[in-house]
Protein chains: 2
Amino acid sequence: MDFRTDFKPVTVQPQEIEEKSFEMITEEFGPHDYAEEQYKVVQRVIHASADFELGRSLVFHPDAVQAGIQAIRSGKPIVADVQMVQVGISKPRLEKFGGEVRVYISDPDVMQEAKRLNTTRAIIATRKAAREADGAIYAIGNAPTALLELIRLVKEGEARPGLIIGVPVGFVSAAESKEELLKLDVPFITNIGRKGGSPVAVATVNALSLLAERQG
Amino acid sequence: MDFRTDFKPVTVQPQEIEEKSFEMITEEFGPHDYAEEQYKVVQRVIHASADFELGRSLVFHPDAVQAGIQAIRSGKPIVADVQMVQVGISKPRLEKFGGEVRVYISDPDVMQEAKRLNTTRAIIATRKAAREADGAIYAIGNAPTALLELIRLVKEGEARPGLIIGVPVGFVSAAESKEELLKLDVPFITNIGRKGGSPVAVATVNALSLLAERQG
C-alpha cells in the first residue's frame, strides 16, 4: 500500500496559497466598516493569525494607513521592539524606498543602561529609537513597556513617530497600554484587548509596504 | 497638569510580569486534563498568544514532553522552519546542553534546489534537515508544506525526529497537516485547527528547555 494516497499534493506555490487564503478570509469575514486600505491590513493580520476575533479587534486612527504609506515611501525606518518582528518584516519593498528595519533592544549600550537604571531593556531601547529614528514607524508586538514609554515620549515631545503600530500581547499591561494609545492624536494602529504579538506587527507592516508599492 | 498621572508605573521587571501572567492564566484556565508537564507548555503558549482557545487546542503524543526534554538534554539541535522561530527561542538553556537552533530555509543551496524543482523552500529545507539533524526537535510554526514533507520523510524512514512540534498557522493546509501529524506514532505536540504560528512554536520549545533545566 502506498501511504502517499493519504496526501494532498503539496506542490501549491506560496503565492497561490496566499491568494486562496485571502479569498477564504474575505468570505468568512463578511460585511465590515473598515475602509478599503484598512481592510488590507485586517486581512493580512487574520492571514497571519487565523484569528477573526483578533482581526475584528483592530482599531485605526483615521490618518494611520496613509501615514504609514507615506513613511515607507519616504524611506523612514521601521523600529521593531524585538528581533522576531525585525526578521519577519519583508525587506525588499522597504529597501526600494530606502527604508530599513531597526531593533535596539539587544544593543550593548541599551543593555548596560537598563541594568544601571534597573528598568526594562524595552524602555531604554524606545528612548534610543526616539533619539535616532525621527518619523519612524514603530512596530511593537511584544513589550507593553515599550509602548507605554513611547506614548510618554510623544506626550513630552521627545518622540515624533510617523506611525505607531501598538499590538503587544499579554496579560500584564498589554491591553492597558493600548487603551493609552487610543487616547493619543497621532497616527496609530492598535487592537482592543490582550491579543497581539510579533506576527500581528509584522503583518501590519507588510500590508502597509504592499500598499506603498501599489501607490507608486 | 502632569499627564503622567494617567500612567501606571512601568517599573515592573520582566520576571515579575511573567509570574503574574502565569497566575492569571492558571486562574482563568480552570480545571483541565493535561499532565503537569504538558500544562507547563500549554501555559506558556497561552502566555505568548493571550488565547485560551489556542491553548486548549493543544494535543500531546503521550511521549512528547519527555522526548523533548531528552532531546534537549542530549544536545540535539532544534530545527526551526523560519527565522522568526529561530530568533524567538531562548538559546542559553539549549547551549548549556550543547544544543543550538538551526534554520535551513534561506540557505543558498535550499533556495537553488527549490527553484530547480519548482517547489517550496520549506520542503527542500525539511529534506536538508532530515539529512543533517538526526534526532532533532522540529519546531514548525508557519509552513504546512514543511510539516507535510516531514511526515512523509518519517513514513519513508528518511527522517528520525526526536520530537515534532507541528503548529503551522493558516487557511490552506495548516489544519490538514496537523491531522496527518496526529496519525503518526512519533512524539509530537500539535494543535487542532488553523491557529498556531511562530510564537506558539517558540513558547513550546522554551517551555521544554525550562523543564529540561529543572530536571538537571
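**Note on the predicted model of chain A**

1. Chain A holds 11 helices and six strands, where helices (H or I, at least four residues) and strands (E, at least two) are DSSP runs numbered from the N terminus. The radius of gyration of chain A is 18 Å, close to the 17 Å that the globule rule gives for 216 residues, so the chain is as compact as a globular protein of that length; the radius is taken over C-alpha atoms, and the rule is 2.2 Å times the number of residues to the power 0.38.

2. This is a predicted model, in which local features need pLDDT of at least 70 and side-chain atom pairs count only at pLDDT 80 or more, while totals for chains, interfaces and linings use all residues. Residues are numbered from 1 along each chain as its sequence is written, chains are lettered from A and ligands numbered from 1 in the order in which they are written, and side-chain values use heavy atoms, with hydrogens and water left out.

3. Of the 216 residues in chain A, 60% are buried, meaning under 20% relative accessible area with a 1.4 Å probe and protein chains only.

4. Strand E6(A), residues 188-191, points Phe188(A) and Thr190(A) one way and Ile189(A) and Asn191(A) the other, and all are buried. E6(A) pairs (at least two DSSP bridges) with E1(A), residues 58-60, in the antiparallel sense over three bridges, and with E5(A), residues 163-166, in the parallel sense over three bridges. Ile189(A) is the bridge partner of Phe60(A), and Ile165(A) also stands opposite Ile189(A).

How values were computed:
Buried means under 20% relative accessible area, exposed over 50%, partly exposed in between (1.4 Å probe, protein chains only).
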